[in-house]
Amino acid sequence: MTGALYADDTGEGECALVLLHGFAGSHRVWEGVRKALPNALPKGLRIIAYDLPGHARSLDLPGAGKAKSVAQMVVDDLAARGIARYHLAGHSFGGAVAVLAAHLAPRSVASLALIAPGGFGSGIAGDLMAARAHARTDDEIASAVQAMFGAQAQVESGVVDAAVELNSVPGQREKLIEISSLIVRNGEQGAFPRAMLEALAMPVHVAWGSRDAVLPPHQADGLPGSFIVHRLPGLGHMLPEEAPAEIARIIAESTGAV
């Protein structure tokens, strides 16, 4: 571990698409989305996928599980890279981080693609997150991953393999337990005040699966009128891995590319 926020940084330039994973993920959850991103994306757009604090190559960084601290770290890292303008796409906890980053740096954030984002209501399946955090054996990890996808989802073996590999990092399991206890308190998650969402002036796209087992799909109801909501029938919570082509399309649309 280096003490710096790890980023898989592809390309050059002063404008970027920034990808923020959710709980128990890493930059690798976006691999399918990145492969599916259409050629219509703005020419020369740089793509940066982070390992957020407490995960994978950013395991030892401070602020893990604290969305505002993580958002500030992302904003500061992008500034240090000389990136003045960027599109943010965040899944689950990463979606909450994206919202907060947009408030911290509104002039820098060109658009938001929020994929089953955290913070849009108090409801959350804390038991599923705890099960994933506490999973120790390969079978326990596979079962916890399946539960977070949803019973109806077909989980590819590579997804389970990546989760097992993540857990093999010394200290990762203990850190996930710590993070899950910060995100879920007394069976609930923190929720953004409506005024905070209404203050987002950039284009905002929100995607939610109709069978999300972690964050209730009704949290996509009643959002500010300026938001564009994509309801995805038959899909669960882990959308970047469940439906990478569809999520790539939504991200591209959020950037104004399609």
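This is a predicted model: local features need pLDDT of at least 70, side-chain atom pairs count only at pLDDT 80 or more; totals for chains, interfaces and linings use all residues.
Residue numbers start from 1 along each chain as its sequence is written, and side-chain values use heavy atoms, without hydrogens or water. Local features need pLDDT of at least 70, and side-chain atom pairs count only at pLDDT 80 or more, while totals for chains, interfaces and linings use all residues.

**View 1. The largest cavity.** The structure holds two cavities of 30 Å³ or more. A cavity is a set of points on a 1 Å grid over the protein atoms alone where a 1.4 Å probe fits but cannot get out. The largest has about 50 Å³ of space, the volume being that filled by probe spheres set on the points. Its lining (residues with an atom within 4 Å of a point) consists of His21, Gly22, Phe23, Gly25, Val29, His91, Met238, Pro240 and Glu241. Four lining residues are nonpolar, four polar and one charged. Here Ala, Val, Leu, Ile, Met, Phe, Trp, Tyr, Cys and Pro count as nonpolar, Asp, Glu, Lys and Arg as charged, and the others, Gly among them, as polar.

**View 2. The second largest cavity.** About 40 Å³ of space lies here. Gly22, Phe23, His91, Ser92, Met148, Val214, His237 and Met238 form the lining. Four of these are nonpolar, four polar and none charged.

**View 3. Arginine 132 in helix α4.** Helix α4 spans residues 126–134 and includes arginine 132; helices are DSSP runs (H or I) of at least four residues, numbered from the N terminus. Arginine 132 is buried and has no salt bridge. Buried means under 20% relative accessible area, exposed over 50%, and partly exposed in between (1.4 Å probe, protein chains only). A salt bridge puts a side-chain nitrogen of Lys or Arg within 4 Å of a carboxyl oxygen of Asp or Glu. Glutamate 140, the nearest side chain of opposite charge, is 9.0 Å away. Beyond four places in sequence, the contacts (heavy atoms within 4.5 Å) of arginine 132 include Phe23, Met148 and Leu176.

**View 4. Arginine 28 and its two glutamates.** The structure holds eleven salt bridges. Arginine 28 pairs with glutamate 31 at 3.7 Å, N to O. Arginine 28 also bridges to glutamate 165, with the closest N and O atoms 2.9 Å apart. That pair links the loop between β2 (15–20) and α1 (31–36) to helix α6 (residues 157–167), 137 residues apart. Arginine 28 is partly exposed, at 32% relative accessibility.

View 5. Glutamate 178 and lysine 175 meet at 3.3 Å between closest N and O atoms. Both lie in helix α7 (residues 172–183), three residues apart, about one turn.

Terms used. On a 1 Å grid over the protein atoms alone, a cavity is a set of points where a 1.4 Å probe fits but cannot get out, and a pocket is an open set with protein on both sides within 12 Å along at least five of seven lines; lining residues have an atom within 4 Å of a point. Helices (H or I, at least four residues) and strands (E, at least two) are DSSP runs, numbered from the N terminus. Lys and Arg count as positive and Asp and Glu as negative; His and the chain ends are not counted.
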